[in-house]
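Open the model in your viewer and keep the selection tool at hand. The tour moves from one stop to the next.

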Amino acid sequence: MSRIAGVHGVLPPYRYEQHEIRDALAEMGAMAPESRGLLDRMHAASTVRTRHLAVPLERYAHLAGFGAANDAYLTAAMELAHDAVQGALEHAEVAPSEVDLVVSTSVTGLAVPSIEARLAGRWGLRPDVKRLPVFGLGCVAGAAGLARVHDYLEMRPTAVAVLLCVELCSLTVQRGDASAANMVAGSLFGDGAAAVVAVGREHPAARAARGPEIVATRSRLYPDTERLLGWDICDGGFRIVLGSDLPDTVLRRLGPEVETFLADHDLKTEDVTGWICHPGGPKVLEAVRAALDLPARALELTWRSLAEVGNLSSASVLHILRDTLDRRPPLAGTPGLMLSMGPGFSSELVLLRW
């Protein structure tokens, strides 16, 4: 088994109330003029109160096209990524020269060379560090990336791996797109980054780490669901695909998946003492709770994260993992479950032991 030795989440400095972002989107044309009432209701129903943005709010109206948005992505992503990984290494008390693998995920901008390649020297990583930049997993990438890090460490018990998630969702909002999907995205998604340092079971940091062990993982693709969630790439950049039946799919598919996964380890949902759940949105979270028959308190930190920073795509579950360790660490030796869903349509489950 591998162990989480350090977690660090970071946010951009530009923080806004939900109504400020709503009004800016209306001014930029991200709605039909006759749909202002609908926009207001969507933002109110999102339960999001505040969000952090990659650039000052007034700049979004002047980002002319995908190239300008991606330039802004690179500038902000580099700083957030640097701080996330540096903070996670410090929390883990692991030297940068010990890192053997970096997995980096993002679905809100493009970077070639990738973000971790550009920052490797600044972090102090070895020249022979292995790198795996991942694009396309979207919201599921936080849990999926941790699962792939675990796979690597299971075969290398003395190794160190880093997972980096950087998502600047605000830079993907399409001006002039009055679709319901674009309005939903504009009401939910925020910007942020997070990193995890994980170590193999024989690494010295494994004994001192306060983070949980990673016990097992499961990945699942659901047939005929490709248009539920994702991007259409257009001249203006990333145009969101968001199926209206997404919550119903979660309600129907997630319960049996989680129950069988836990049963393989002689566990039931009521045995889980810490739920690290991707926030999605209110309808998705209600579907998760209903599908798993969870008490409302089980997802309290997820709801709190959604309200305070919005949906950070792949970085959200890592922020919620950090919040769990900081605010409400479960009893030692008890099981936890990280779960995310994303494009594919897919789910990723990571069984933890505190």
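Buried here means under 20% relative accessible area, exposed means over 50%, and partly exposed lies in between (1.4 Å probe, protein chains only). Helices (H or I, at least four residues) and strands (E, at least two) are DSSP runs, numbered from the N terminus. This is a predicted model, in which local features need pLDDT of at least 70, side-chain atom pairs count only at pLDDT 80 or more, and totals for chains, interfaces and linings use all residues. Residues are numbered from 1 along each chain as its sequence is written, and side-chain values use heavy atoms, with hydrogens and water left out.

**Stop one: strand β6**

Select residues 160-168. This is β6, mostly covered, with nine of its nine residues buried. Colour one side: V160, V162, L164, V166 and L168. Then colour the other: A161, L163, C165 and E167. Both faces are covered.

Two strands pair if DSSP finds at least two bridges between them. β4 (residues 101-105) pairs with β6 in the parallel sense, over five bridges. Pick S104 and find its bridge partner in β6, L164. β7 (residues 191-199) pairs with β6 in the antiparallel sense, over nine bridges. Pick L168 and find its partner D191 in β7.

**Stop two: C139**

Which residue does UniProt list for "active site"? An unreviewed entry there gives C139; UniProt positions follow the numbering used here, feature names are shortened, and annotations may be inferred rather than shown by experiment. Select C139 in the loop between β5 (130-134) and α5 (141-154). C139 is buried, at 9% relative accessible area. Contact means heavy atoms within 4.5 Å. Leaving aside neighbours within four places in sequence, the contacts of C139 include F189, H278, N311 and S340.

**Stop three: helix α6 and S187**

Select S187 in α6 (residues 180-188). S187 is buried, with a relative accessible area of 2%. Show Q18, M42, H43, S46, V48 and R51: S187 touches each of these, not counting residues up to four places away in sequence.

**Stop four: the largest pocket**

A pocket is an open set of points on a 1 Å grid over the protein atoms alone, where a 1.4 Å probe fits, with protein on both sides within 12 Å along at least five of seven lines; lining residues have an atom within 4 Å of a point. The largest pocket has a volume of about 620 Å³, the space filled by probe spheres set on the points. Of its 26 lining residues, select those closest to the centre: V184, L188, L242, K283 and V284. α6 gives the most to this lining, with five residues.
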